[in-house]
Amino acid sequence: MTFMKKTLFFLPLALLFASCGNDPSSNHPKEAKGNRSYGGTLRYNETEQFQTLFPLEITDAISSHIASQVYEGLVKFNPGSLEVIPALASKWDIDASRTVYTFHIRSNAYFHDNECFPDGKGRKVTAQDFEYAFRLLCAGGNNSYNFTSSFKDRLKGANKFNKEGGTLEGVKVLNDSVLQLTLEKPSNSFLYILANPASCVLAKEAVEKHGNKVHVGTGPFVVQEIKSDTSAVVLVRNNRYYGTDKFGNQLPFLDTIKVSFIDSKKAELEAFEAGKLDFVWGMNKESIISLVENNISMFKNPAKYELERNAEMVTQLYEFNTTRPPFNDVKVRKAFCYAINRNKIIEGVLRGEAYGPGINGISPPALKEYNTTEIKGYDFDPEMARKLFAEAGYKTPGNPKGKDFPNVRLVVNSGGAKNTNVASEIQSQLHDILGVNMDFVNVTFQQKLDDARYARSDMFRSAWVADFPSAENFLSLYYGADVPDSLNKPSFPNTTRYRNPEYDKLFEAGKTAATIEEANKLFLQAEQLMMNDAPSMILWYDDNFRLKQANVQNLKNNAMRYYDFSEVFIKANTGEAKPGGDSAAAAKK
């Protein structure tokens, strides 16, 4: 942690806003209905740096957290239920074939004010703007994750446009306020996909002027500053945002959002206790219990702190490079999976910051209507691990027959001590059970992404945070049809470069199934097939403790780590009991 990051919180707001004369509170009403309040700054931290705020290039959760406040698409997620709700489209219709979607664009939605527009004033959003944005998305390379995970094989004519340009057949502008999208086949996840940042609207003027440095959106907040040392991002209120809440209040309530990037969870928690952060998430159970026990008065009426615990749609894993020895051998991969004592990692290293009734597949148990218990995963089984290792021709402790296993290298990204501590524990377990020498190197998040995409090591630490609440999103990590033949070309999200035509067939059938129930049956078959091939070592599913200041209200928690701060407000503590139960009890569950 650098000194600059540590002293970030003491910078006066006047300094942070020195680069812009805009007053975010100049136009919002002074009073709000429904016992809500205008004004104030929401401060939160990320332990990893964001990568980009250009929607078409976002592939990480941290960038998405920020971009979701700045950009919007036709629809978005409800931050409480994760249901799809209207955004820039006030309503939509789906025809009987489930392939034609007609969206009606709001008449009061505007782009943020920016120098790219005449007189610097943001103009009204039209259906043509979505056509422009979708053409940009579909023009992305065939290995562009945001294209392959959104419109490829879905939107009519998208694949052809990607290769040849010309007309994008599946997008029709019926008039300035009506947009029609036509799919090749029905898709149960299409509305989910439209809720992701990659499907947001973009202004041609803004992209042509700023390129991939563009920050001109339509969302509730405007990018005011990205500090040159990347220690903070400052967002301010969009005074022309179209949204209102159920009481008729114009949104958003907050004047400012300040995002910091402290890479230590310990320092992050200390900043929260000092009142310099408004919420923290991802704390381990041990730290939370200690905090509650040492500050029990803070959780009693009038409460200063509130605590929530939530099983998440987040899977932590190590990926194998299946393109070369030794991990091109399925027996070796399975031996590694059996050799890991995950309970020891969860209790001894993570201190309870994980959940799950055992490890089944890549899809986390938090997914609704998807029975992960039907998938057989890998329990800790040293005997089976050694047996498979011997069958692959390698020596193991107690069995000198066979050849020596080569040293293997794991790439781990920075992000606090957790990743390093887990790697050290797995290093020890693999040596004890299989006699394996595994070295690991700690690099930046961006370097880890690049190394994984180009298969530049034997193993990679990874995690997948759901883009939308469906097994389809997790299983996309192993779809092999888009994996390039050459290692000189990047592969993402399938960085293991796993290929199995039967898996691909089941996955594709699930994507176009008539019902979610039918889709899930096909996805379960595909997931079991993939787990049998073990292209990854599934480690644990995240269990999230979120701690927040009690005066920060309407901050919804969800299993997808999806942030929408448009209805968050800050209110003086009234001393009233807060809903959600006993925080101390929640910590000890």
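Predicted model: local features only at pLDDT ≥ 70, side-chain atom pairs only at ≥ 80, totals over all residues.
Q: What makes the radius of gyration of the protein agree with a compact globule?
A: Start from the chain length: for 589 residues, a compact globule would come out near 25 Å. The protein has 24 Å, so the two agree. As for its extent, the C-alpha trace spans about 75 × 65 × 40 Å along the principal axes.

Q: How much of the protein counts as buried, and how much of the surface belongs to carbon and sulfur atoms?
A: Of the 589 residues, 57% count as buried. The accessible surface comes to about 23,800 Å², and carbon and sulfur atoms hold 49% of that.

Q: What share of the contacts in the protein comes from residues 24 or more positions apart?
A: Taking contacts with a separation of 6 or more, that share is 71%. The elements involved are 19 helices and 18 strands.

Q: Why is Asn 360 called buried?
A: Buried means under 20% relative accessible area. Asn 360 has 10%, so it gets the label. The residue sits in the loop between helix H12 (342–349) and helix H13 (382–391). Beyond four places in sequence, it touches Thr 372, Thr 373, Ile 375, Lys 376, Gly 377, Met 531 and Tyr 541. For Ile 375, 15 residues along the chain, the C-alpha separation from Asn 360 is 5.4 Å.

Q: Why does Leu 539 count as buried?
A: Its relative accessibility is 2%, which is under the 20% cut-off, so buried it is.

Q: Is Asp 119 buried or exposed, and why?
A: Exposed takes over 50% relative accessible area. Asp 119 has 85%, so it counts as exposed. You'll find it in the loop between strand E5 (100–105) and helix H4 (127–138), with a positive phi near 60° despite not being glycine.

Q: And Arg 561: buried or exposed, and why?
A: At 14%, Arg 561 falls under 20% and therefore counts as buried. Arg 561 is also a non-glycine residue with a positive phi, about 55°. Its loop runs between strand E17 (552–553) and strand E18 (569–570).

Q: How do you know that helix H3 is mostly covered?
A: Count its residues: nine of the ten in H3 (61–70) are buried. The cover over those buried residues includes strands E1 (41–45), E8 (221–226), E9 (232–237), E10 (256–260) and E11 (279–281).

Q: What span is expected for helix H18, and what does it reach?
A: At 1.5 Å a residue, the expected figure is 26 Å; H18 (516–533), with 18 residues, reaches 25 Å from first C-alpha to last, which is close. Its buried residues, among them Leu 522, Phe 523 and Met 531, pack against helix H11 (330–338), helix H16 (471–475), helix H17 (501–511) and strand E16 (536–549). Just after H18, Ala 534 takes a positive phi of about 50°.

Q: Which omega values go with the cis peptide bonds from Leu 251 to Pro 252 and from Phe 492 to Pro 493?
A: From Leu 251 to Pro 252, omega is near 0°; from Phe 492 to Pro 493, omega is near 5°. Pro 252 is in the loop between E9 and E10, while Pro 493 is in the loop between H16 and H17.

Terms used
Residues numbered from 1 in each chain as written. Heavy atoms only, no water. Helix = DSSP H or I, 4+ residues; strand = E, 2+ residues; numbered from the N terminus. Rg over C-alpha atoms; globule rule 2.2 N^0.38 Å. Buried < 20%, exposed > 50% of the residue type's maximum accessible area, 1.4 Å probe, protein only. Contact = heavy atoms within 4.5 Å. Areas by Shrake-Rupley, 256 points an atom, 1.4 Å probe, with all protein chains shown as cover. Expected span 1.5 Å × (residues − 1).
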